[in-house]
Each structure stands twice: as structure tokens, then as C-alpha cells.
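Please read the numbered points alongside the sequence and the model.

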Amino acid sequence: MNGLLFLLPIALGLGLTGLVAFFWSLRAGQFEDLDGAANRILIDDEDDQGPVA
Amino acid sequence: MNAHNPAATEGASETTVLVVPGMHCAGCMAKVERALGAVPGVTSARVNLTAKQARAEHGPEVEPAQLIAALDAVGFASQPRSNEQANAPSAVKPLLAPLAVAAFAAMNVMLLSVSNWSGAEGSTRELFHWVSAAIAVPAIAYSGMPFFRSAWAVLRKGRTNMDVPISIGIVLATLLSCYETVTGGEDVWFDGALMLIMFLLAGRTLDAMMRDKARAGVDALLNQAAPGASVISADGTLQWVAAADLLPGMVMRIAAGERLAADGEIVSGASAFDQSLLTGESLPIPAATGALVHAGTLNLDAPVDVRVTAAGADTSLAEIARLMDAADQPRSVYVRIADRASRLYAPAVHSLAALTFVGWLLAGAGVYHATVIAISVLIITCPCALGLAVPVAQVVASGALMKEGIMVKDGSAIERMAVVDRVLLDKTGSLTLGRPEPDTAALNALDGDAASVALGLASHSRHPHSRAIEAALLARGFRAVRVEGVAETAGIGLSGNWNGRKVSLGRNDAADVVSTTLRIEGRPDLLIPFTDRLRPDADAALGRMKAMGLDVSLLSGDNQAAVAEVADAVGLPAQAAASPSDKREAIGALQAEGHKVLMVGDGLNDGPALAAADASIAPGSASDVGRQAADLVFLGDSLMALPRAVLAARRTMRVVKQNFALAIGYNLLAVPLAIMGFVNPMIAAAAMSGSSLVVVANSLRLVRAAK
């Protein structure tokens, strides 16, 4: 029973962290272009600092 | 989006969004971003591949035309995004957050529930119940909103849909569980309620994703209608004016190969106009000074100046738009199969629960005990798998169709498509390609030199015939030779010098068919006739449709002779010279006889018919009006898309019906247990996830539905 006092908040906290991270990425527009994100990894510009070369 | 170069964004003050339909891979993305980034003044460029759009941040000195030219130089056609496309909201986005919350809560509550089922007792169990309630109640209130809202909306109108039994089940399960938690009872149902929400939201998110993807694909097709025109201002300079800002009295200069943005009268010049999108008429109509020309028609030969007589809502398009509004009525009253099922299902389930309650009371149980059992009946019959039965099947089928280049704009289209028994085909642009193609025999007759010269000349012009010759010869592997001093005379053609000989490619007044003549000094003239060819696989597609029991006929706005020729070639009955309202009436007459009609059309003149038919398909080359009115849009030239779409729709509906049977079968097994009072939350959870998984697995068989 004593262990639960630690384990429950830890388990819920970890889950909540994941949820918050998801909400952040949703707001930040990371789900706007899933096809693009999948393809972008294949663009191999060594000196590319960002989208604009 | 987050990868902007921070130093570079300082000077940026404007954003231009371009639609680039040609992008489909990582290489394209890199090329487009690099090409836009290389334009002086552009500070950042970012491609969205899903929406096929590129967003460029740039200083005020950069014009959209420069960006379009830059993309054209690397081989991508593009155009600025219209406002209407920018406003289209995503259907997926509002569902993602509730889905995430429901999934998070369901997992954590399930963790606690499993502990309880494996034997937690006393204060531990009560603690777990309280923690579950603390997670579940807010999570259900938030993530259940899409269902509650939709259920409330139809209930207020005195109707019912699938969301009504879902909402009632969720709410009752939550209330019962709260009561049990407070009174220290044995069983809570939070996990079941959350799992139900999660499964259903997952189904809906998939459904929305499919619609978003299809819409993005349809939007990305380049607009056929001119979005504006070059207007000659008082000082004689040309200014680009958007279609919405054109006013009567303005004089537009329409280049060859450009589409008119407004109705008008030709004030100078003479040319031929392709009205096929507007009327279905396949032959170009010559028009000279004083003639009236209509918005949506294509100027073929020579630049003309046109004084605007009507623009925007006043054009001849407005009449068609009015017809379409009227035609949309029958479709908006169509009731989707899931809602029809729930009309039967909801009353049955609710009376079953009520009977259980009364039965237990009569058998001598207390009110509390009878209520718990009645609610457990409702929970176990909550249409979890039923809610997934339709969307999952449609998503998988739409994905399969999309791979074949057929975009489904609306889930209910598949249901309507599955029951059609009559097909009406427009001729120009639907059964045929709707663009002049050089005659194959004439091209085969060209020797290497002649072909290379023709190619060398044609590549200098944007005239539709030149473009068609260029494309056909390049496809045959010919290379252009260098032709010196090429000059294009509007309305006549191209001329130049090749190896000291005079060569020309252009109009031939002697020929009685639409054609272009290639003249090389010292050689006989070569006539290249142009025809509007049937779509490839037209015969095979029509044969397949016949074999599927579909009755196909032609319904065209073109003249009797042209229609009869095509109708004979494919062996179909035909109705010619049909106006937009004739087409709509023809469909209405068939529907009155009890037929379900599939309309296939591309033009503005097909718009009302596309909207009035039970289901409709338009080719990707269709007018904006045609594409918007149609349920499905197919890319590519092949007519095989038609039988494929109908076949996939029929297969989908077969799977949907199987899904219903599976879902209801599960309920039939579980309901007697629930009525007898043997069901606990663990059995409910197992039944729910089990039936959902079976339904999803069955739907996955549709992956190959469009083959």
C-alpha cells in the first residue's frame, strides 16, 4: 500500500507528460504534413541549415 | 515550420502560398524549396506535401509571378492558392486532441481496472476506484464531446442517429460508476466507457483523415477556369485583375491558350474558342469582332481583346450555379447506412434495457439491483463495433481507390455508388479525353527529320495544338532540331528556317477537319488532323460495366453528328444536344422510374446533372464546377476508373454488411448474459475490444478492393 503512494503518481505523471508532449506537438503544427515529414528524411543536403538552402 | 532561419525572417513581411500539384516525393520537395529559396527576396520556403502546397515568406518586392516562374523553371506547374482553398478547415484536427485524451485515460484506467480484476480488495480497491473516477470523469466529459454534441443536435430536431445510443450508454455508464465509487461498490465501468470513446474516435479520425486527404488532392488540381485576366488600362499597359474584381466595361486581353474569366464581347481580333467545358460542343467555335464569348471557354488561336459585359455572379455560369443549388436537394436527404441501422438499433436496445429493468423488478430484485443490470445491458450493447463498421471499411476502401487514382470526396458517396444501376456518360472530356490529340496515323507517317522539325517548331508555342504535337512526339522519343528564326503569327502558326529551308507549322484552311499542316520547303505538305480521342480502355471499361449489370448511355451537349459518331464507335445509346437542364431532367426521369443513376461528367454544363444524380464521378481534368459537384474524382486518362469505383463501392458495402452482422452477433452472445446479470466490467471490456478488432480485421480485406 505504501508503494502505491509513489507508484500511482509516478505512473500518472509519466502518462500526463506524454499527453502534454502530444498537445504541444499538435499545437506546433507537427501533424500538419505527415507525408512531408515522412519524405523529408530522404532529402540529403549536407549543408542544408533549414528548408532554405 | 519550425526550421526557419531566424536571421532571415526579419525582413520578411509577406507570405505567398502556392499550390504545386506535381510534388510527390522527397526530391520534388527539395527542388521546390530550393527553387523558391533561390529567388532574391525570399527568406524562407517550406513545402507541405500532404496539401501539395509551398509557403514562401518574402519581402514586399517579390511578386507571386516570380515564384511561379521559378518553379516553372524547375518543372513544376503552380498557382497561388485561392482564398476558398485556404478557408477549408481540416476535419481531423478537432478530433486528434479528444482521441489523445481518451487513449491516455483509457490506458491508465485500464491499468487500475486490471489490478482490481486480479483481486485488489478493500481500501486498495476503493482508492483505485477514486483515482479512476478522477481520471475518467473529466476525460469522458472532454473526449465524449463530439458524440454528445452530434447526439444533442439530432435529438433537438426529433430525429436520432448512431451518436444517440452511444451518448446514452456513455453517460449512464459514467453515472453508475460514480455512484458505485461513492458507495464503495464492487464494479465500476469507467474503463468500458473510455474504451468505447477511444475506439469510436479512432474510427472517426480515420474517416476524417480520408476526407482531408481526398480534398487536398482535389484542391491541388490546377484550376481550369481562369482566376483572372490581363486588363488593358487607360494608359495602354496591361494589369492582372482577379476574376472577382473584373467589372463590366473593362477590356481583357486574352492570350491564345488562356481561359476567359468573364463573359464579354470581342472588340478586336478573331480567334476560335473551345466551349467544350461550357456546352460539351467539341468543335472550336470561330468568333470575330462583335461576337459574344463566355466565361470558362478557352481561346485557341490568337490573342483577342474582349470587353467585359458580365462578370462574377452575372455570367452565364450563374445560371448553371442556380440549377446546381436546386439539384442538390435529393442528395442532402440521403440517410447514411449507419444512421439507418441506428434507427432500428437504438429503439431495440433501449426497450431491451427497459424490459430487463422491469423483468428484474417483477422477479423481486430491488430498484438498485435492477438498475445496475439494465445499465449493464446498455453498456454491453453500446455499438462500439457498429460505430466502426462503416468508417473503417470506407477508409480502407478509399485508401485502395486513392492508390488507383480515384479520390473519394465523401464517405456516403461509396454507399450511393454501390447501388447505381444506370450510368450516364457525358461525351466530351468524360468518354473522350476532351483535348485535341494529333492523329496517330499522321504522326506515324512523319519521318525522323519531319518529326524533329515539327518538334522544333512546336516547342516555341503555347497553342494547344503545338503542345499536343510536342507531347506526342516527345513521347515517341524524337528530339527537336534547331530551327532558326522561329516566328509565331497569331491565328496562322509558326514559321522558321531549318538547314536553309523554309519550314512552317500551322493552319490549313483547305482541310475540312481540325488540323495543322507541317510544311517543309521542297517536300510535300503533311497534314496532321486533330481528333478528340476516346479515353484509353474505354471499350474495356464499358464492357466491364455492362458485365456488372450497369446500363450505360451517353448524354451530351454536343451536336447530333459528333455524338452519333462516338456513340456508334462504342455502341451506346445516346442523347445529343442536351442543355444543362435537359441533363438534369433526364436524370430526374430515370430516378422517377426507380433507377439509381451514376453521372459521369466534366464540364460546367454537367454540374447540375452531377449534383442531381445519386452518385457522380468527374475526371481530374474537369472544370472546377464539375470537380466540386462530383462525389469522386479520378486522375489519369483511363476510363477503367469507372468500373473500378463501382466495384470497390459494392465490395465495401458487402463488407459493411458483414461488419454489422459481426457486431450484432457479438451483442447477441453477450446480451443474454447481461440480461441474466452475469456481466461484469471485465466481460464488457473483452466483448467490446474483441468485436471491434474483428470488425477492423474484416475491413482490412478491402485493401485490394479497387483492383
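1. Two strands are taken to pair if DSSP finds at least two bridges between them; helices (H or I, at least four residues) and strands (E, at least two) are DSSP runs, numbered from the N terminus. On that basis, Ala45(B) stands opposite Ala56(B) in β3(B). The pairing of β2(B) with strand β3 (residues 53–58) of chain B is antiparallel and extends over six bridges.

2. The model is predicted: local features need pLDDT of at least 70, side-chain atom pairs count only at pLDDT 80 or more, and totals for chains, interfaces and linings use all residues. Residues are numbered from 1 along each chain as its sequence is written, while chains are lettered from A and ligands numbered from 1 in the order in which they are written.

3. An open sheet of four strands in chain B has the order β2-β3-β1-β4, with antiparallel pairing. Its edges are β2 (42–48) and β4 (79–80) of chain B; each has a single partner strand, so one side of each is left without a neighbour in the sheet.

4. Two helices lie across strands of chain B. Helix α1 (residues 26–37) lies across β2 and β3 of chain B and runs at about 160° to β2(B). Helix α2 (residues 64–73) of chain B lies across β1 (14–19), β3 and β4, at about 45° to β1(B). Axes are lines fitted to C-alpha atoms, for helices over the stretch in contact, and angles run from 0 to 180 degrees between N-to-C directions.

5. Helices α6 (residues 145–156) and α7 (residues 163–183) of chain B pack at an angle of about 125°, with their axes 8 Å apart. The two helices, α6(B) and α7(B), are therefore oblique to each other (angles under 35 degrees count as roughly parallel, over 145 as roughly antiparallel, 65 to 115 as roughly perpendicular and the rest as oblique). Residues in contact (C-beta atoms, placed from the backbone, within 7 Å) include Phe147(B) and Leu155(B) of α6(B) and Val164(B) and Ile166(B) of α7(B).

6. Which residues of α15(B) are buried? They are Gly411(B), Ala413(B), Ile414(B), Glu415(B), Arg416(B), Met417(B) and Ala418(B). A residue is buried if 20 or more other C-beta atoms lie within 10 Å of its own, exposed if 12 or fewer, and partly exposed in between, with C-beta atoms placed from the backbone. Seven of the eight residues of helix α15 (residues 411–418) of chain B are buried, so this helix is largely enclosed by the rest of the structure.

7. For chain B as a whole, the secondary structure comes to 26 helices and 26 strands. Of its 707 residues, 49% count as buried.
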